[in-house]
Amino acid sequence: MDLVVFFLAALAAIATAVAVVAQKNPFVSALALLGNLVALAVLMLLLEAQFVAVAQIIVYAGAVMVMFLFVIAYVGPRGEVGPGERKPWQIWLAILAAALIAIEVVAVVYGATFSDWAEISGDYGSPAAIGKSLVTNYLLAFEIVSVVLFMGAVAGVIFGSGGRPLRLSNDEVLAKEAASAEQRRREDSRAVLDAARDSMGGDR
Amino acid sequence: MVDGVILTIVKSVILASVLMGFFALMTLIERKLIGRFQARYGPNRVGPYGLMQPIADLGKMLQKENVVPEGAHRKLYLAAPFIAMVCAISAFGLIPFGNVATIPGTDWTIHLYIANTSVSLLVVAAIGSLGFYGLMIGGWASSSKYALLGGMRSIAQLISYEVAFTLAVIGVIMQASSLSFITIANAQDHLWYFIPQILGFLVFFVAAVAESNRPPFDLTEADGEVVAGYHTEYGGMRYAMFAAAEFINAITLSALGAVLFFGGPSGPILPGPIWMLLKIGGFLFVLIWIRATLPRVRFDQLMKLGWKVLLPVATLNLLLTAAVVVYG
Amino acid sequence: MLGDWASYLIYVVVAAAIAGSLLAGSFTWSALFHKDLRQGRQKRRVFESGVSPGEFSPGNFSINYFLTAMLFIVFDIEIVFLYPIAVNLKMLGAFGFAELVVFVAILAVGYVYVWRKGALEWH
């Protein structure tokens with residue numbers, strides 16, 4: 001059972017990862033990334049990292065991808081995107097990066113000694129165990145997280161507003177309305193004048 | 001695995017069938033009740049008391065033609081209702097209907113839940129949030145303005161209330177010291193949590209109504225503004241699947257409310273599963289009652305309620321509960 | 001080791017089978033009985049009150065949706081961090097409570113900032 005699930009999830013993870021790069025439609029590509037995240041969560045379940053698996057789905061699949069898709073769906077291109085300009089240094093860099101990862105994988109696989117299932121305690125990976133280590137060994141990191149989140153909220157608002165205040169003050173709104181009303185009045189009177197001149201058929 | 005593979009498969013099929021049957025029955029009861037609230041009879045032609053109405057509806061939906069709108073992304077258009085429904089049914093899977101039962105006449109014992117995990121509560125939220133993609137994909141793949149706008153609205157509403165919803169239940173977690181439904185239900189032997197957690201329960205309930213897209217928060221189907229929302233371009237079975245997913249989500253949230261705040265499957269005389277269904281039914285009755293009573297809110301009011309009222313109240317409840325749990 | 005999760009995965013497969021059978025049922029019906037239905041372009045037009053919908057384009061996008069998604073990420077991560085603390089709160093006692101208050105207080109400052117900036121307003 002475990003092996004079957006592992007191979008299915010691993011296959012799904014690889015297939016969706018390839019699809020993320022290979023798909024030409026950005027929306028479909030983002031959905032493939034979503035599928036990849038879910039497949040990884042199943043792999044994490046196999047490693048008894050229950051809380052991390054579920055947190056991954058909630059945070060990455062449930063929140064981060066929502067924003068990606070929001071932006072792609074509503075401001076991105078709808079159809080397929082053709083290949084962009086390929087610069088030669090990018091290709092070389094990609095080959096280099098791939099080679100480095102391949103070497104790393106080979107080194108790790110040959111350097112490791114494989115054994116049977118690792119022995120772990122009963123509540124490993126449960127929220128209780130993670131909470132315990134969060135407020136004891138990783139206390140500073142935990143508190144820094146809240147500062148990082150705070151900065152995220154501030155940054156979101158600043159980028160979202162594009163430097164302008166999101167809400168105009170009352171006076172600004174009144175001033176804007178007055179300006180547009182003035183312009184409309186001028187346009188109207190000009191139109192009336194033009195119409196009057198046309199109807200007289202006068203020589204210009 | 002609490003029971004063997006074969007038994008688990010049987011249990012899964014039974015649970016999913018009970019869920020679908022309960023869903024069919026509740027759609028009929030909803031229409032009957034709404035009829036009564038409006039001083040008319042509601043469906044009463046098909047079978048005794050109109051009991052065959054859900055089956056007739058299913059038959060009708062099945063006969064509809066498959067039309068894929070012009071310019072739609074065909075595969076995603078068809079996948080969207082499937083995703084929504086799979087996630088809706090899956091989210092229900094961890095709801096417990098009791099602890100252990102002995103089959104009468106034998107000494108066989110089975111567990112009245114599919115699985116008991118240390119993160120059950122988070123799983124429901126996680127699978128539920130995957131279900132959002134059904135709406136988003138449906139809205140995008142239809143290539144219709146109204147579907148796109150409706151999908152965008154749905155997602156904005158769902159994620160806003162997801163925050164209030166997940167914050168509101170933290171009080172329960174603090175008191176029960178667990179995310180497992182079995183532990184939470186058992187911890188309420190003496191006192192149902194809706195009494196100490198009344199603030200959390202109120203936030204939970206409002207958020208649950210909004211999460212399940214029920215009136216008065218059914219902004220995604222505000223016909224005067226976005227026609228039928230994300231499923232404007234859907235018809236026949238594919239529309240029915242979206243509607244079913246939405247209703248099953250309401251059932252799941254009701255079950256969650258029953259487990260977290262009303263003691264889950266515990267109750268006198270009657271067996272656990274019956275109590276669970278009764279409690280879920282009670283929740284759904286209130287939802288239907290609200291639907292018949294309240295007019296729909298405006299979108300900015302909806303967002304204001306979620307971010308400016310429910311979020312601070314839920315945080316306050318969280319801190320109060322923490323203080324009581326630690327110092328009380 | 002999957003343990004209880006194996007049972008849950010089985011249930012998910014059953015759920016997929018139910019949803020899939022509904023979809024497959026309607027396609028089978030279509031294949032059997034809808035062969036001679038007319039396939040016109042008008043039938044596949046998207047809804048636009050009988051008017052030609054014209055070229056489809058996503059159009060304008062209110063920044064509020066982006067902001068909501070952004071704030072949702074922030075608060076979602078906060079909540080995911082709160083859950084393991086909440087589970088342990090009884091055991092951690094006063095120390096855990098102090099941790100929790102500091103964590104929530106920092107985020108509350110961010111929340112007040114967001115509110116004052118008007119990012120929670122919808123127009």
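This report describes a predicted model with chains A, B and C, starting with chain A and moving to the contacts that chain C makes.

**Chain A**

Chain A contains seven helices and zero strands. Read from the N terminus, its elements follow the order α-α-α-α-α-α-α. Of the 204 residues in chain A, 25% are buried. When contacts in chain A between residues at least 6 apart in sequence are considered, 57% of them link residues at least 24 apart.

The mean pLDDT of chain A is 83, and 90% of the residues reach at least 70. Within chain A, α1(A) has the highest confidence, at 92. The lowest confidence in chain A belongs to helix α7 (residues 170-200), with a mean of 78.

**Chain C**

Chain C has 123 residues, of which 37% count as buried. Its secondary structure consists of two helices and zero strands. The domain assignment divides chain C into domain 1 (2-37) and domain 2 (63-117). Between the C-alpha centres of domain 1 and domain 2 of chain C the distance is 40 Å.

One residue of chain C can be followed in detail. L100(C) sits in helix α2 of chain C. Is L100(C) buried or exposed? L100(C) has 23 other C-beta atoms within 10 Å, and the cut-off for a buried residue is 20 or more, so L100(C) is buried. Leaving aside residues up to four places away in sequence, L100(C) touches I85(C) in its own chain and A322(B) in chain B. L100(C) and A17(C) are separated by 83 residues in sequence, and their C-alpha atoms lie 43 Å apart in space.

| Pair | Residues in contact | Classes on the side touching chain C |
|---|---|---|
| A and C | 43 residues of chain A, 42 residues of chain C | chain A: 31 nonpolar, six polar, six charged residues |
| B and C | 66 residues of chain B, 52 residues of chain C | chain B: 41 nonpolar, 19 polar, six charged residues |

In the contact between 66 residues of chain B and 52 residues of chain C, several helices of chain B supply at least two residues each, including α1 (5-37), α3 (74-91), α5 (145-168), α10 (236-261) and α12 (299-327). The largest share of this side of chain B, eleven residues, comes from α12(B).

For the contact of 43 residues of chain A with 42 residues of chain C, the elements of chain A giving two or more residues are α1 (2-22), α2 (26-46), α3, α5 (127-135) and α6 (139-161).

Definitions and conventions
Residues numbered from 1 in each chain as written. Chains lettered and ligands numbered in written order. Predicted model: local features only at pLDDT ≥ 70, side-chain atom pairs only at ≥ 80, totals over all residues. Contact = placed C-beta atoms within 7 Å. Helix = DSSP H or I, 4+ residues; strand = E, 2+ residues; numbered from the N terminus. Nonpolar A, V, L, I, M, F, W, Y, C, P; charged D, E, K, R; others polar. Domains from an automatic or database assignment. Buried ≥ 20, exposed ≤ 12 C-beta atoms within 10 Å, placed from the backbone. pLDDT = per-residue confidence, 0-100.
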